[in-house]
Every structure is written in structure tokens, then in C-alpha cells.
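I wanted to look up how the parts of this chain are arranged and what lies between them. My entries follow.

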Amino acid sequence: MYINGEWRSAQSGKTFVTTNPATGAALSEVADGGRADTRSAIAAAADALPAWRASTAYERADILLAAHRIMLDRQDDLAELMTKEQGKPLRMARTEVGYAADFVLWFAEEAKRVYGEVIPSARADQRFVVLQQPVGVCAAITPWNYPISMITRKVAPALAAGCTSVLKPAEQTPLCAVETFRVFADAGVPAGVVNLVTCSDPEPVADEILADRRVRKISFTGSTEVGKMIAARAGSTMKRVSMELGGHAPFLVFPDADPGHAAKGAALVKFLNTGQACICPNRFIVHRSIAEEFIVTLRARVEKLVPGDGLVKGTTIGPLIDDVALKKMQRQVDDAVDKGATLVVGGSRLSGPEFDGGAFFAPTILSDVKPQMLICSEETFGPIAPVLVFDDEEEAVAMANATTYGLAGYIYTRDISRAIRVAEKLEFGMIGINDINPTSAAVPFGGIKESGLGREGARAGITEYLDTKVLGIAL
């Protein structure tokens with residue numbers, strides 16, 4: 001763990017083992033932190049806050065720029081570690097490290113763009129000045145699916161705003177967090193400004209974070225179920241919360257779209273990170289007239305995917321994170337087939353010498369899918385593409401919105417009027433129109449409904465770490 005500028009063992013002396021999901025092999029022992037370690041981390045962040053908050057935006061920006069350079073210098077090593085610990089193919093891991101560095105660079109620049117304002121008063125002898133000031137000590141809880149970029153997307157804006165932080169990374173990917181914090185340490189972040197608590201059991205760590213009044217903000221990325229619990233408990237001390245939660249993205253393909261082009265885009269985004277991304281489409285809602293051609297092209301693309309260890313050259317899709325995820329995939333497929341869906345390709349765990357040690361599930365396509373099937377209501381987070389058909393625009397929009405989630409959605413059409421009309425009707429925070437990557441460090445990321453609160457990235461990303469203060473000045 002990294003607390004108050006020092007690398008430490010857990011106070012209990014306990015450790016836990018992190019493993020490679022492609023092979024099941026142990027990678028390393030990691031400090032298994034608990035309540036006492038979390039209290040130490042919070043205390044270090046609180047003690048470091050006054051000096052860091054008083055530093056200039058230019059000083060904070062310089063440190064973040066140094067971190068950006070170091071992260072890019074270590075891109076290959078970080079990517080290889082990520083592939084071993086999380087499973088994604090090496091090329092995709094390298095891309096993620098670049099994406100993570102983008103957030104560090106973006107918020108280095110945003111540190112110098114935190115502006116206040118002067119508001120006219122109705123009184124001639126009065127002035128109003130509005131200041132933006134750091135929230136204070138912030139806690140971040142990050143997921144395993146993007147184990148480096150989700151850290152920088154939270155820690156970089158906190159640093160830029162003048163906040164100190166405590167991070168609890170996912171228990172599946174602590175090594176990625178450790179190496180990311182080495183980047184911050186080597187960039188010159190002062191002792192106590194960033195703190196890392198690794199653990200096998202997140203509950204005691206979260207309990208300490210939620211109970212401590214010195215923690216003024218929590219940023220969480222993970223499941224909706226856990227996010228709701230954290231948000232509810234944060235209310236007891238009125239902590240600010242940012243929640244980036246689950247998704248159930250619809251992928252709408254209208255009759256005027258090129259079904260082959262849409263299917264190619266669908267395959268790229270559906271099987272991104274083995275389907276383990278909150279913006280991966282979960283439901284392919286395709287017009288009846290082109291559904292068959294769409295499925296033919298999608299199948300051809302899926303059958304070209306090469307599952308395997310991400311370190312092996314040529315691998316294009318890696319393992320799921322663990323056996324729990326495997327069981328969820330099988331449950332969703334079995335439920336759909338039992339209720340009348342057609343298994344086009346895949347549908348089961350992969351076996352063989354190269355797969356038996358890991359958590360590999362065959363890339364899967366289901367057709368004849370109906371809304372009452374489990375896969376249409378439960379987030380999949382895996383490599384299954386269910387295809388539903390529709391007959392008119394109103395039906396497609398209703399099917400797309402029939403979920404409690406509201407993170408991302410996709411539209412394929414050649415009709416610009418339809419694209420805008422449908423995008424405005426869809427109840428999701430991000431919409432890709434003939435585009436499968438509506439994200440960037442420069443744009444706000446987040447959802448509505450039960451997909452979260454607040455936004456990460458863009459100008460909004462640093463605003464989440466700032467309090468507004470008004471000065472009423474009598475002359």
C-alpha cells in the first residue's frame with residue numbers, strides 16, 4: 001500500500017494473492033489492508049490537504065504533466081502488467097494506458113482553468129465574488145475492467161482541483177493500481193496527497209471511508225447495486241458522490257442503415273474488453289427487414305475473433321475476469337434458449353489446453369430474442385450479443401428505453417433527422433450516432449437513471465471536485 005508517501009505492508013501483516021484470469025496462475029502477493037490502514041490513509045490525506053490546497057494551479061499542473069510523461073514512458077510495462085492481471089489483449093491494454101495518460105494531461109490543463117466570477121449586485125455598495133475551491137479529502141473506488149484509466153479519471157481531477165485522495169482499487173487488479181501510484185510518486189506528488197489501500201475484502205475499507213467525516217467526497221465506479229448502497233450511506237454525513245454505474249446499452253439499427261457496416265461496428269464495441277465495459281451494447285435492436293443480413297455479417301466477424309491469453313500474439317479477445325462471470329454468461333444463454341432464442345454461435349465455456357486454466361467464454365450471438373428474457377433486463381458484462389427485431393421507430397425507442405439503466409446507446413441510420421430525433425428520445429447519457437466510441441478525456445462521461453450521478457472527464461470532471469463559495473462584499 002502507499003500511505004503518506006511510504007510503501008507499506010498492511011498493519012495486520014496479511015496479504016492476498018492476485019491471479020492471471022487467462023491461466024489461473026498466481027501473479028503476486030499484495031498487502032491486504034483493512035480498517036486501520038484506511039484510517040491511516042484518511043489521516044494522511046487530511047494532514048496533507050492544507051498545503052496541497054494552498055499550492056498554485058501551475059504547481060499542480062506541473063506535477064500532473066510529469067506524471068503524464070512518466071506514464072507514457074512506462075506504457076509498455078504497464079500494458080503487459082494489465083494483460084497479466086486483467087486479461088485484455090496486449091494491444092488493447094496499451095491503448096488503455098494511453099487513454100489513462102490522456103486524463104492526466106487533460107486535468108493538468110484544466111487545473112489552470114478553474115475560474116470564479118463577479119456577479120453584479122442590486123446595491124451600489126456591494127459586490128458578489130464567486131470562488132471555486134477544492135472539496136477536500138476524496139475517496140475513490142475503482143473497478144477491475146479498466147484498472148488504470150479509471151484511476152486517472154478520478155485521481156487526476158482531484159489533484160488538479162487541490163484535493164487529496166484515498167484510493168481503494170478492485171481486489172482483482174491491485175497490481176495495476178500499485179504501478180499507477182508509482183507514477184504519481186515518481187512525478188513528485190507530495191506525501192499524503194495520494195494514498196492507496198489494497199484489500200481482498202472491500203467492505204471494511206468502504207465502511208471506514210463512509211463513516212469518516214473528513215472524507216468529503218466519494219467517487220465510485222462499479223455495479224448499480226453497490227453504488228446505491230454507497231450513495232445512501234454517504235448521505236448520513238452528506239458526502240458528495242459521483243457514481244458511474246452499470247449500463248444496458250441499446251444498439252439501434254434502422255432500415256436505411258447499411259447492415260454490414262452496422263454489424264462491423266457492433267462486433268467491435270460488443271466484444272471490446274470481452275464485453276466487460278459498461279458502454280458495451282447489451283441489446284441489438286435491428287429492423288426486421290435487415291436483421292438477417294446484420295446477423296450474417298455479425299457472425300462472420302465473431303467467428304474471426306481469436307480467444308486466448310492476451311500476451312500471445314494474434315489474440316483478439318481475452319478471458320472473463322473470473323468464474324463468477326462465466327456462470328452469469330451461461331445462466332443468461334440458457335435462460336434465453338429455454339425461452340425460445342436461437343443460438344447462432346458460441347454459447348458455452350471454452351475448453352482445451354489453452355483455455356482450461358482460465359475464464360474463457362465463447363463469443364456468442366443469440367437471435368429471436370424477446371424482451372422477457374433475462375438478458376434483456378440484466379446487465380451482461382460479457383461476450384454475448386442478443387439480437388431483437390422491431391418494425392417501426394416508436395417500437396425501437398420503447399424497447400431501447402425499457403430499462404432502469406441509462407448510460408450509453410447507439411444509433412445506426414443514414415437519416416440525419418431520424419438520428420437527432422431518436423437520440424433526443426433515448427434516455428441515456430451518451431449516444432453514438434454511426435459511431436462506436438462516444439468517449440474521450442475531453443467529453444463528459446456518465447449516465448442517467450440508475451447508471452449514475454455526475455460526470456467524469458471534460459470540464460465537468462474537475463467541477464465534481466470543487467465547492468462553490470460566494471463572497472458578499474460591502475464597500
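I began with the spacing: the centres of domain 1 and domain 2, taken over C-alpha atoms, are 31 Å apart. The assignment, automatic or from a database, gives domain 1 as 2-245 + 451-474 and domain 2 as 249-433. In the contact (heavy atoms within 4.5 Å) I found 23 residues from domain 1 and 25 residues from domain 2.

I noted that this is a predicted model, in which local features need pLDDT of at least 70 and side-chain atom pairs count only at pLDDT 80 or more, while totals for chains, interfaces and linings use all residues. Residues are numbered from 1 along each chain as its sequence is written, and side-chain values use heavy atoms, with hydrogens and water left out.

Next I looked up the buried area, meaning the accessible area (1.4 Å probe) that two parts lose on being put together, summed over both. Domain 1 and domain 2 bury about 1900 Å² between them, with 59% of it on carbon and sulfur atoms.

On the side of domain 1 that touches domain 2, helix H3 (75-86) and helix H4 (90-110) each supply at least two residues; helices here are DSSP runs of H or I, at least four residues, numbered from the N terminus. H3 gives the most to that side, with five residues.
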